[in-house]
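Welcome to this short tour. Please open your viewer and keep the selection tool at hand.

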Amino acid sequence: MMDTKRKMNFRLLMVALCTILIFTGLSFRIYWIQTVDAARIMEHAQGQWDRERTLKPKRGSIKDRNGEILAYEGKGYTVNARLIPRDDKDTDVVRDPYFTATSLAPILNAPVPELVKVLTKQSKVVELGRYGQKITEDQKNRILALQFPKLPSGEQVEKNQLPGIFLDETSRRFYPNNSFASHVIGYMDLYDEPKMGIELQLNDKLKGEKGQMQFQKDGAGYQLPDGEGQYIPAKDGYDVYLTIDRQIQDYVEQAMDKVVQQYNPKGMTVVVTDPQTGEILAMGNRSQFNPNTYYQGITNYTNQAVTSMFEPGSTFKIITLAAAIEEKQFNPNEEYDSGKYTIKGQIPIRDHNNGMGWGRISFLEGVQRSSNVVFVKLGYERLKLEKLRNYFKKFGMGSLTEIELPYEKKGNLINLEKPQSPRDWAATTFGQGVTVTAIQQVAAVGAIANGGELLKPHIVKELRDPHTGAVVERSGREVVRRVVSEATAKQTRDILETVVTGENGTGKLYKIEGYHVAGKTGTAQKYDPNTGKIMDGHYIGSFIGFAPKDNPRLLVYVVIDDPATDEWYALWGRTMIAPAFKSIMERSLQYLQQQPDMQQVNAAKAANSSSGKKVQTVQAVQPQIELTLPKFEGMSTTAAQLRAKQDNLTVTVIGTGTKIVEQYPAPLEKVAAGKQILLVTDRVKGAKMPDFKGKSIRDVMEFSSLLNIPVQSTGTGFVTQQSIPPGTVLAGTEKLQVTLQSESEPPAPVQTNPAGAEGSQPPANPGQTGTLPAGTTPPQAGTTAPVTPTGQGTEVGQNTQTNTPPATNNQQGQTSTSP
């Protein structure tokens, strides 16, 4: 009994001791957690509670001056493959790598062996390389159609037929016009890095600013309802509006494609500007690339218009001429001996016809014939080195224009800065021994075109907020400096016009009937970049011109580098340069509704008639002037109405919305002046009935088809009556009846007066019979129709009449190239 009691007491003691030890340990642990280890545990807990997510901004779009989208950010998808199952029950893995690869290869435009190589890796999940990165919506849908195809009955298969393949949503950059202006726009690579062009130059403006979202969650991952958080929204990138006009750019692309297809030059550049503002309306290069598929290979990474330096040749003579006129050193009637110019101890400088010259001729004829000798006399003899150098620098040579494009080069004036001999800097007067970029040439000649002011060229028009459309930044006309007086610029323009129109002019091929074109041809030999010596048989041909000669709307510069042809370089103007220049200039002027000079057209008609040539008859009545419609779709209603007013278009807005969603006729379609243009807004309800009096039945039907209003018509001709009064708010249930009457059919008389009786009136125009329909506008006196040129000149300058190409010399500056 005693032993039992002692055993119980011992057990109680042990339990008590254990309890004391446990509570002591717990107390110590609580103390340790709350004091010594509190900071570390709190930090770890905070890491479990808090979550931070980076919010990605949307990259801004790139658009042309009229809002046409050239680049935008849209949905993309990344293709991944699961190769090892997560557990024994996981069947969504790639079982047959070869079948999967052959199924995906045509969709991803990928080689089957490369996909097989990826799909046989010893990895749980793999990406399908660059072929599976950022695929399009169409590619995604084609993959889903493989995984869950439809049966002939139309029923969709529920079991995945291509297991292991899954798609993650991401974003990608789209270039809807493919290679269109690719060097200007640039591209974004698969890793969202900007490359080239505007994408690179304005990356900080386009990319926006990242946002953050911080929140607290529980152990299961759910957000705590009362947890603290912070939200910083992402700021989307600005939309960039370029000065590029999509239509003019399209003319440039078409002209360049034609030259490349026929002659395959090593390079080609075309720049079109508005010389009054310095805005670049088009800029193109060859070769080009498609930014959507840049990874398939780019052969030309440089925007040659701003990065390629070359000897300009005779187009550079424009600056020498303007400088001589400004310094009063040019007398057009003064005479000189053409052919050769010898500087003591130097190889003679020859005219481009192998130094034969044209005898004793006037300075004006020398300019027209592009005589090297006359420009040496003006620049070397009269202006001398310091003034010549100063004028070249004033015109921007040897310095950056600072256009909004990357990697611009500034060229060099080494033969003016550090001439090795007098002949070296004498050769710069006619464009040899100096290097320039196309954009420098365009800016310099633009100063002559606009009246003497060197303008900073711009290719970015404005930046806009993508949500509100508010303009954040805008570029304007920016004068760098005045280089010559208005009088000098005017005289230079007049002389440059004679280069195109004069009997001895080297630019006769560039004449466009109805427009006063002024410009200058140019040909320069190429130098081997490794040896610095002239490359025999390799040339750069060019023409720079503007129109109309006074108050020019456009300046076009065409440069063709070493085409693959056996033709003598003096004939390139006829076969390549002139057709490209004229196509771009003429179509662009017509697109801008620049009216031709009918006096010039009629004079040409009279001249051709006197020589027995058949010419197109010029109408003496009201012309049917054709206008090219801009794209109104996507514009705000207010902007569309303003643009229509600027282009002298008659528009009817259908609806009360704030955005134009449809137009008739279609964008870029040619229409006759005065034709009714219909613009449909994004809110058709509340549209008003227009006044159709004087309009054709086609105008009525176009309107009614857009609003689904049935129409009944009686008679023929033009509308004289309509059943729904103009201005009536339409509900969409009306029926429209119109009465038409022929233009030659007189209206029903209101009263009859005998001839000569009181109240009778003679016709408004003698000889006119009948009346115009109500609402129409009578022909305006004195208006005439534009006439499309019926042909072009076929003669080149006198230098091209020789049977063999002129000789060349390998010493720098010793050339005898075509003008």
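In which helix is the place of Thr320? Select residues 317-326: this is helix α11, and Thr320 lies in it. Helices here are DSSP runs of H or I with at least four residues, numbered from the N terminus. Before going on, note that this is a predicted model, where local features need pLDDT of at least 70, side-chain atom pairs count only at pLDDT 80 or more, and totals for chains, interfaces and linings use all residues. Residues are numbered from 1 along each chain as its sequence is written, and side-chain values use heavy atoms, with hydrogens and water left out.

Stay with Thr320, which counts as buried because its relative accessibility is 0% (buried means under 20% relative accessible area, with a 1.4 Å probe and protein chains only). Now show its partners: leaving aside residues up to four places away in sequence, Thr320 touches Phe375, Gly379, Leu383, Phe392 and Thr429 (contact means heavy atoms within 4.5 Å).

Next, select residues 97-108 and 112-119, helices α3 and α4, whose axes come within 9 Å and cross at roughly 135°. Pro97, Tyr98, Thr100, Ala101, Thr102, Leu104 and Ala105 of α3 make the contact with Val112, Leu115, Val116 and Leu119 of α4. Nine of these contact residues are nonpolar, two are polar and none is charged.

Finally, colour by pLDDT, the predictor's confidence in each residue, from 0 to 100. The chain's mean is 81, and 82% of its residues reach 70 or more. Over residues 613-624 the pLDDT is below 50, and over residues 743-816 it stays under 50.

Note on methods
Axes are lines fitted to C-alpha atoms, for helices over the stretch in contact, and angles run from 0 to 180 degrees between N-to-C directions. Helices (H or I, at least four residues) and strands (E, at least two) are DSSP runs, numbered from the N terminus. Ala, Val, Leu, Ile, Met, Phe, Trp, Tyr, Cys and Pro count as nonpolar, Asp, Glu, Lys and Arg as charged, and the others, Gly among them, as polar. Buried means under 20% relative accessible area, exposed over 50%, partly exposed in between (1.4 Å probe, protein chains only).
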